[in-house]
Amino acid sequence: MAKPVSIEVWNPNGKYRVVSTKPMPGTRWINLLIQQDCRVEICTQKKTILSVEDIIQLIGDKCDGVIGQLTEDWGEELFKALSRAGGKAFSNMAVGYNNVDVNVATKYGVAVGNTPGVLTETTAELAASLTLAAARRIVEADEFMRAGLYDGWLPHLFVGNLLKGQTVGVIGAGRIGSAYARMMVEGFKMNLIYFDLYQSTRLEKFVTAYGEFLKANGEKPVTWKRASSMDEVLQQADIISLHPVLDKTTYHLVNKERLSKMKKEAILINCSRGPVIDEAALVDHLRENPMFRVGLDVFEDEPYMKPGLSEMKNAIVVPHIASASKWTREGMATLAALNVLGKIKGYPVWFDANRVEPFLNENAPPPAASPSIVNAKALGLPVSKL
Ligand SMILES: NC(=O)C1=CN([C@@H]2O[C@H](COP(=O)(O)OP(=O)(O)OC[C@H]3O[C@@H](n4cnc5c(N)ncnc54)[C@H](O)[C@@H]3O)[C@@H](O)[C@H]2O)C=CC1
Ligand SMILES: O=C(O)C(=O)CO
């Protein structure tokens, strides 16, 4: 029998019981739920990753909806427990939902929400930060300074890579991949090569227009290319940033063979999901190719790193913080809460999950809709016409 989990209760007399498996940033999400007659229970247990048993306890006998986290395993056991408690709504506080078995949720009639859009720029900015940190060896140089090793300027000290005029490769040019590509093209005048299952016409138009602007100003124009294979990106790019969803097609997308196709001095960035890279193969590659560098926000067996990774000077590692700006995290909490609330209240699903701004305006009430429900079609949920 699992130990009881500690909770904090808001609006105890609310009609609908909504559970959040973690305290989330800001208070707007709590207020929005309370205003719509929800009793909000927040798990305050001092345990980073809750087990399935912990969450089953939190769900209890009566629960209308749950806001959960990407570290939790939302499969048969949890959706069965939620459905048994009368629950019809779940939302991840994340855009990625590879921790959720959506088919199982649909089987139990539970809507699954996620939080797209609000974290696009924040996540892309972290990918750009890791790119710069790796290119200019900022972490190594910082460690060197703190160790008291600096005894004067030297021509060879921490020489890194210039980005201007080089080629940035993006794998998965969706919301975040495209935002990152634009930052690198516009900010550093890099040429773009990308691979995605779909064409990103908006991104291509942006690079074309920026190239024309540069040309009109007497500068060398930037260029873009949509690669016909991922290998083309790996072979041609100087910087490669991974932004696909994690699914069966992207598991170990970057493996030993693909690493060997990349330039010896390339930089690889991963702010998507850890298993997109075969991390053990990456450690070997880093060891054998000291000029190859990586910037990683995500890991194959989070919270752990594969043996050897933490010793590699040519790796920069941060703990899954890509969406960690205050505005974004508060917005994610709001979107997740409104996903759950919308289903409980029988609201329709917002017509475009890429345009969630109206839900984030603190000075106006949010639309009466769930911002983003990934199994809306499968459940036959109505769509907002606003
Ligand atoms: N590190 C972090 O904190 C964060 C990580 N993420 C991760 O980033 C992912 C992407 O987020 P968004 O850009 O909002 O999603 P998105 O759905 O807009 O973009 C994903 C893109 O990947 C492409 N794709 C899918 N399979 C592919 C394949 N086999 N090869 C190449 N491209 C493929 C899709 O066509 C799509 O354009 C999320 O699913 C999540 O896992 C998102 C936010 C924060
Ligand atoms: O949203 C996601 O998918 C994350 O990884 C955390 O922001």
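Which strands does helix α8 (residues 201-216) lie across? A few notes on this predicted model.

1. Helix α8 lies across β8 (191-195) and β9, running at about 160° to β9. Contact here means heavy atoms within 4.5 Å; axes are lines fitted to C-alpha atoms, for helices over the stretch in contact, with angles from 0 to 180 degrees between N-to-C directions. Helices (H or I, at least four residues) and strands (E, at least two) are DSSP runs, numbered from the N terminus.

2. The open sheet has 7 strands, ordered β9-β8-β7-β10-β11-β12-β13, with parallel pairing; strands pair if DSSP finds at least two bridges between them. β9 (224-226) and β13 (315-317) sit at the edges with a single partner strand each, so one side of each has no neighbour in the sheet. On average, neighbouring strands are turned by 15° against each other, direction ignored.

3. Inside that sheet, β7 (residues 167-171) and β10 (residues 239-242) run parallel and are joined by 4 bridges. V168 stands opposite I239 in β10.

4. Housekeeping: residues are numbered from 1 along each chain as written, and chains are lettered from A. Local features need pLDDT of at least 70 and side-chain atom pairs 80 or more, while totals for chains, interfaces and linings use all residues, and side-chain values use heavy atoms, without hydrogens or water.
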